[in-house]
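User: I'm new to this one and would like to go through it piece by piece. Could you show it to me first?

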Amino acid sequence: MESEYVELLPRVFSLLGDARQTVVDDTCLEKLLDCFRAITENETEFYILQRTPCLTNVIVNVSKQRDINPSILSFIMRLTGLFAASENYFIQLEDNGIMSSLFGNPTNLGTEAWEEATVRSGWLLGIQNMLQHEAVIRFLYKYGCIDEIIQLQKDPSIFVASTASQLLASILSFSLQCSTHATLGNSSKTQLTNKVTVLHSDDWSDCICAITGHIEDFLRSDITSNVQQALKLLSKVSGTMYPVAIIFLWPKIEESIKLLLKGDLTGIGQPLAELFLNVSRSFPSEVLEPTFWELLCLLLRSMNQIEALTLASGILKLKTCPQSLRMQAVTTLFQPLNYIIAVTSVQAPEDAVLLDESSFCRVYIENRLSRKSACINLLCQILSYLWELLQMPPQTTELPFQVLMRSVITILQLCIGTAIPVTSTVVNISRHLIGCIKVQRGGMDVLGALPQWAGIEEVNSALALFHDYISNPDTDCTVLKKSLQALFCWMSHCIEGVNSHVLEPKLQEFLHGDFISVMKKRLFDVHWEIRDSILEFLGQMCFQFKGVEHFCQLIGSCGIPHLVLELLSDPESYVRASAITALGKMNYLSPNWQMLPNENSVSAMKGNILSYLLDILNKDTEGFPRRAAIKVLADWLKNSHTLSSCELENFVPVILKIGSNDLDWEVKVHTLGLAEAFIDHLASNLSISPYAVLMSNSTGSTQVKVFLQTLCEVGIFTTLFHALWDCDRPVAQKACEILIKLKTIASNADNVEVLKSNGQKPNRESFSDWLSYSNLNLQNVNDIMEILIVLDLEIQHQHLVRSSDHIESSFRSLLEDLLAAADSEDGGADCY
């Protein structure tokens, strides 16, 4: 701890320990605790307490007071817990009676204080903080704290009850970890089995027995809330720092779990599933006994359909589990989808049903799908689970992807009204789903993750579906955006996938149909969100497939670039920005794409795309288009675009001048990005590396000076030094990073003696005056080299990367706020 903090602490803790003083708010106390928590992570508790004896004094004084403010008392308890994590300090406090006064029998605190939820919470959190050594466990059992913590699980304050449950789980797992018979670590199945046998004997500690006895009693209780509480507690044990403790507990609770599975699972199915999944995630399958997986199978079969879906999804996300269980989970998850395929097909496909469904499941699914809200919720839940599974690496058991694609396409067809109902059941389902945005969005997410498993039949069906959604004027804006995203994934698979030679002709047939006409029409949709989504899609396509000849020819001849140019004057700034980005990506298709078809309506719009971008950068009143314009220009330079080596370079000085004077900080940052791209481009042409130090020789020195002189002439250094002192920190930080890179390059030239600066160090206010006083010119390479040497760029960068509120949020600032609050009339501290 800094000495200046140590000087302020006695005054602050004198204030906190004085019952006559107006209490500061809880936010200040939380921040103060965070500061001490950070300090104790870096320094030993004893060292802190030796330097600041006021901490011990205030703990002693508060423990003796009965009229202390509840918030202060709670704070002192938690602070004491932080320091009592040191066993030596804990013993010292226990010998002095402080521990028993604060954490022993709660009646010592007084009934009035204990009635405050913040005090009960502070008591629990204080114990949680000190739970680092066995002395705490002995203390808790000695003073009956375990029984009190158990009771607090039913506290009327939800926060207190949750904290009590978590603390109880931590105590149990820590006690087992501390047991002389339970050295936890990486253990094989045999070792774990042996340990369980030992720990299941009578030599468990009294603390472990008390908690496990409570769990067993509640698991066998007739009161559902008690069973829920016990199951949640066990789940939390598997999520503690010592999750293997749950393995030692399992033999003791297994019979109770079996009895629960044989009874009514109403109200306890979900916490049971959570417990099994938590245990499964914590350990490899070979560590767990076969009976564990048998019980999990029984649970999956016994739960109602909605809860079973959640459990099945969780099982399929496990890295390892028995194959039979995984197949059962797949069947459970796909039952509603199989039902939809069965009722919507004139003749159900052979692979539609994975396993025979019981009549009970079929009746349950029919009942859910017959009611609108239940139908939508069920399908949204399944689609959400499937999408999560598809984002994971391939599992041991593959999902039935063809069935999945067929069912998702069918659901999306029902939502848009293109599916032909063949039964009254389908008519009812269609009525529920028609125009349902939630199901459409979920379905498109799943469909977009499936193309790698698609064959010709699935590609044809998917492309037809995408066409229906994109061309339908009633398609919601968000659904259209997801449809385009999914279509892009399918297009990528058709062009770049393993079977591209078979699938690409199907895609060409699709694109050369009326798809382009649909795109043109939607570019001028009345909804700006749709115009924006179409532009994003077109830009993404043009960049991704820039090397595909037939695609380039299609876009170059269809007239879309001309329409995108028209959208540069769209009234919505988001659309103008997307049009700029799309044009920038279209420019990769061909260096001559801007030679538009010879139509009378476009003759006035022919010209260089650069003029459009510069005009927008200079005149557009909204920030989004200007950002898009400078990003496109910087992107061309970074990617060594055809224009970057000829035409664009001539415009760099103009772009730098416009961009560096923009009022939008993001435009200025992207302008610096363009400057950096130009620097890298020029350096590569001269075989100069901005990241490596060259040998100092006459040839290298001359090359560096030529390089730096070119940057001077372009105006790079004027832009960078202007940005270095910018009031927007990201701008100054970016400029400083580029200058440091240039300083590395400059060090390869002949050393320049610092003569003109007279040892002065400029700042934001004095930089211009310093240049004039030192007679330094930003157009002169020797002066530039001197400036780079004089400025402490590395130190300045360290300051810039720090948070802008590092002073205001410092420990010292917080202590000063607390002291100032004591003198203010309202007692409020400026700690926000």
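Predicted model: local features only at pLDDT ≥ 70, side-chain atom pairs only at ≥ 80, totals over all residues.

User: OK, how many helices and strands does the protein have?

Analyst: The protein has 43 helices and zero strands, where helices (H or I, at least four residues) and strands (E, at least two) are DSSP runs numbered from the N terminus.

User: And what share of the residues is buried?

Analyst: Of the 832 residues in the protein, 54% are buried, and buried here means under 20% relative accessible area, with exposed being over 50% and partly exposed in between, using a 1.4 Å probe and protein chains only.

User: What about contacts between positions 24 or more apart?

Analyst: Among the contacts with a separation of 6 or more, residues 24 or more positions apart account for 72%, a contact being heavy atoms within 4.5 Å.

User: Let's zoom in. Where is Ile534, and is it buried or exposed?

Analyst: Ile534 has its place in helix α29, and it counts as buried because its relative accessible area is 0%. Leaving aside residues up to four places away in sequence, Ile534 touches Leu480, Leu484, Met519, Arg522 and Leu523. With Leu523 in particular, the separation is 11 residues in sequence and 6.2 Å in space, C-alpha to C-alpha.

User: What covers the buried residues of α29?

Analyst: The cover includes α27 (477-496), α28, α30 (549-557), α31 (560-566) and α32 (573-586), and the buried residues themselves include Ile530, Asp532, Ile534, Phe537 and Met541.

User: What span should α29 have?

Analyst: Its 17 residues, at 1.5 Å a residue, should span 24 Å, and the end C-alpha atoms of α29 are 24 Å apart, which agrees; the expected span is 1.5 Å times one less than the number of residues.

User: Which loop holds Phe524?

Analyst: Phe524 is in the loop between α28 (500-522) and α29 (528-544), and because its relative accessible area is 39%, it is partly exposed. Not counting residues up to four places away in sequence, Phe524 touches Arg531, Leu563, Glu566 and Leu567. Phe524 and Leu563 are 39 residues apart in sequence, with 8.9 Å between their C-alpha atoms.

User: Switching to α34, how many of its residues are buried?

Analyst: Helix α34 is mostly covered, with 12 of its 16 residues buried, among them Gly623, Arg627, Ile630, Leu633 and Trp636. Helix α34 runs over residues 623-638, and the 22 Å between its end C-alpha atoms agrees with the 22 Å it should span.

User: How do α23 and α24 cross?

Analyst: The axes of α23 (residues 401-416) and α24 (residues 424-433) come within 7 Å and cross at roughly 70 degrees, where axes are lines fitted to C-alpha atoms, for helices over the stretch in contact, and angles run from 0 to 180 degrees between N-to-C directions. That makes α23 roughly perpendicular to α24, since angles of 65 to 115 degrees count as roughly perpendicular, those under 35 as roughly parallel, those over 145 as roughly antiparallel and the rest as oblique. Ile411, Leu414 and Cys415 in α23 meet Val426, Ile429, Ser430 and Leu433 in α24.

User: Last topic: how many aromatic pairs are there in the whole structure?

Analyst: A search of the whole structure finds 21 aromatic pairs, counting rings of Phe, Tyr and Trp (its six-membered ring) whose centres lie within 6.5 Å, with planes under 30 degrees apart called stacked, over 60 edge-to-face and the rest tilted. The rings of Phe90 and Phe139 have centres 5.8 Å apart and planes at 90 degrees, so that pair is edge-to-face. This pair links distant parts of the chain, with Phe90 in helix α6 (residues 87-95) and Phe139 in helix α10 (residues 134-142), 49 residues apart, and both Phe90 and Phe139 are buried.

User: Which residues do ring pairs link into a cluster?

Analyst: Phe13, Phe36, Phe75, Phe83 and Tyr89 are linked into a cluster by ring pairs.

How values were computed: Residues numbered from 1 in each chain as written. Heavy atoms only, no water.
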